[in-house]
Amino acid sequence: MSISDVTVTIAVLKPTPILGGFGKPLILGASVAGKDYKNYADIDAVKVDYAANTEEYKAAAALFAQKNPPAEIAIISRKTGASPVTLADLLPTLFLKDWHFLVTTTTTVEDLILIADAVEADKSRYFLFRTSSKADLATIKAKNYDRTAPMYHTTVTNYPDAAWVGAVGSLPVGSVDWKGWTLVGIAPLDIDATELNAIHALGANTYVTKAGTNVTSDGRSVSGEFIDFIHSQDYIVYSIQYAVQDLFNQAQAALSKIPYDNRGIAQIESAVRTVLQRAFLQGMIAANEDNVPLYNTTFPPRSQVDPAQVAARNYPDGQFDFVIAGSIQQAAIRGTIKFV
């Protein structure tokens with residue numbers, strides 16, 4: 001994580017039984033010599049460093065082949081030759097790099113769990129992987145990851161997981177969910193509803209044909225959480241952290257400060273509300289019947305702040321909440337046939 005004076009935490013309040021650089025992919029590969037982290041704007045640039053028969057190139061090709069490809073990807077190849085770099089040693093360094101969605105060339109379940117554990121612990125990125133093993137899915141399902149989404153397919157050499165990230169990941173955060181996407185270069189599985197339900201029960205997504213169109217079957221993490229929900233949450237937290245830190249930085253640049261009174265508190269609240277309004281416009285936050293966005297901010301005045309916090313120049317009491325918009329993925333419709 002970058003150095004910052006701002007901490008943003010978010011609590012997810014689940015409904016009762018009555019009943020959000022954020023698209024940049026990183027390919028994690030492995031080779032004898034290894035290669036450092038590097039950015040690439042297109043597949044031709046990738047081919048300079050990775051031959052067409054390498055796994056890194058195949059994953060990149062799947063990313064760039066989609067209708068909404070990322071403007072930029074990154075690739076890193078872990079060294080496996082003399083003086084090898086272990087996956088456990090490499091993973092912590094990756095979180096200092098610029099990326100949000102991780103795909104990997106490995107399909108070994110031990111590696112997948114090691115990566116998923118690291119992503120889950122960091123709480124700022126997302127991991128998608130492919131597998132043709134339902135046994136491995138069952139092992140991973142037990143981990144109940146919120147930030148890992150498996151793509152089950154009988155063919156994994158063409159990287160359906162990378163294709164999925166390439167198709168959806170770079171679209172505006174909150175504007176789409178991850179279910180129902182057509183992937184270029186990926187063939188659908190010929191399965192029935194029973195097998196599809198079994199794959200979903202293992203915490204995985206797959207690629208099938210619905211109403212004559214090939215689409216991703218769902219858009220969920222291992223835990224059942226929706227991918228776009230986690231993506232939106234990360235976007236809002238980071239954006240508020242950035243906006244308030246930028247407010248501090250701009251005050252310094254103007255040879256000024258954020259005064260510890262109601263004027264300064266209002267500036268911080270305004271920065272937060274600007275982010276929440278942008279999140280609403282992008283589709284992350286729901287609206288009420290009058291199309292008013294369902295978010296709130298509470299920033300108590302200085303008179304209500306603990307004097308010890310004022311003396312320490314720390315404002316700990318700002319709060320926000322919002323209603324996640326989500327999306328409609330299924331429908332039940334009743335009809336009546338009348339004779340008169």
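Author: A nonpolar core is a set of buried Ala, Val, Leu, Ile, Met, Phe, Trp, Tyr and Cys residues joined through side-chain atoms within 4.5 Å. The model discussed here is a predicted one.

Reader: How many residues does the largest nonpolar core have?

Author: Within this core, the residues with the most contacts include Ile-27, Val-46, Ile-73 and Trp-164. Helix 2, strand 3, strand 4, strand 5, strand 6, helix 6 and helix 8 each supply at least two of its residues. Apart from it lies another core of 29 residues, with Ile-76, Trp-99, Tyr-152 and Leu-189 among them. The size of the largest nonpolar core is 34 residues.

Reader: At what angle do the axes of helix 2 and helix 6 cross?

Author: At this contact, Ala-59, Ala-62 and Leu-63 in helix 2 meet Ala-162, Ala-163, Val-165 and Gly-166 in helix 6. The residues of the contact divide into 6 nonpolar, 1 polar and no charged. The crossing is right-handed. The two axes come within 7 Å, and their crossing angle is roughly 35 degrees.

Reader: Which strands stand at the edges of the open sheet?

Author: The open sheet has 6 strands in the order 2-3-1-4-5-6, with mixed pairing. On average, neighbouring strands are turned by 20 degrees against each other, direction ignored. Each edge strand has a single partner, so one of its sides is left without a neighbour in the sheet; the edge strands are strand 2 and strand 6.

Reader: Do strand 1 and strand 4 run parallel or antiparallel?

Author: Ile-27 stands opposite Val-103 in strand 4. The two strands are joined by 4 bridges, and their direction is parallel.

Reader: At about what angle does helix 2 run to strand 1?

Author: Helix 2 lies across strand 1, strand 2, strand 3 and strand 5. The angle of helix 2 to strand 1 is about 160 degrees.

Reader: Why does Arg-78 count as buried?

Author: Arg-78 lies in strand 3. Not counting residues up to four places away in sequence, Arg-78 touches Gly-29, Ala-30, Ser-31, Gly-34, Val-85, Thr-86, Leu-87 and Leu-90. Buried means under 20% relative accessible area. Arg-78 counts as buried because its relative accessibility is 18%.

Reader: Which residue takes a positive phi in the hairpin of strand 7 and strand 8?

Author: Strand 7 and strand 8 run antiparallel and are joined by 4 bridges. Tyr-207 stands opposite Thr-216 in strand 8. The hairpin has 2 residues between the strands, and the residue with a positive phi, near 55 degrees, is Ala-211.

Reader: What percentage of the residues of the protein count as buried?

Author: The protein contains 10 helices and 10 strands. Its C-alpha trace spans about 80 × 65 × 35 Å along the principal axes. Of its 340 residues, the buried share is 45%.

Notes. Residues are numbered from 1 along each chain as its sequence is written. This is a predicted model: local features need pLDDT of at least 70, side-chain atom pairs count only at pLDDT 80 or more; totals for chains, interfaces and linings use all residues. Side-chain values use heavy atoms; hydrogens and water are left out. Buried means under 20% relative accessible area, exposed over 50%, partly exposed in between (1.4 Å probe, protein chains only). Axes are lines fitted to C-alpha atoms, for helices over the stretch in contact, and angles run from 0 to 180 degrees between N-to-C directions. A crossing is left-handed if the near helix is turned anticlockwise from the far one by less than a right angle, and right-handed if clockwise. Contact means heavy atoms within 4.5 Å. Ala, Val, Leu, Ile, Met, Phe, Trp, Tyr, Cys and Pro count as nonpolar, Asp, Glu, Lys and Arg as charged, and the others, Gly among them, as polar. Two strands pair if DSSP finds at least two bridges between them.
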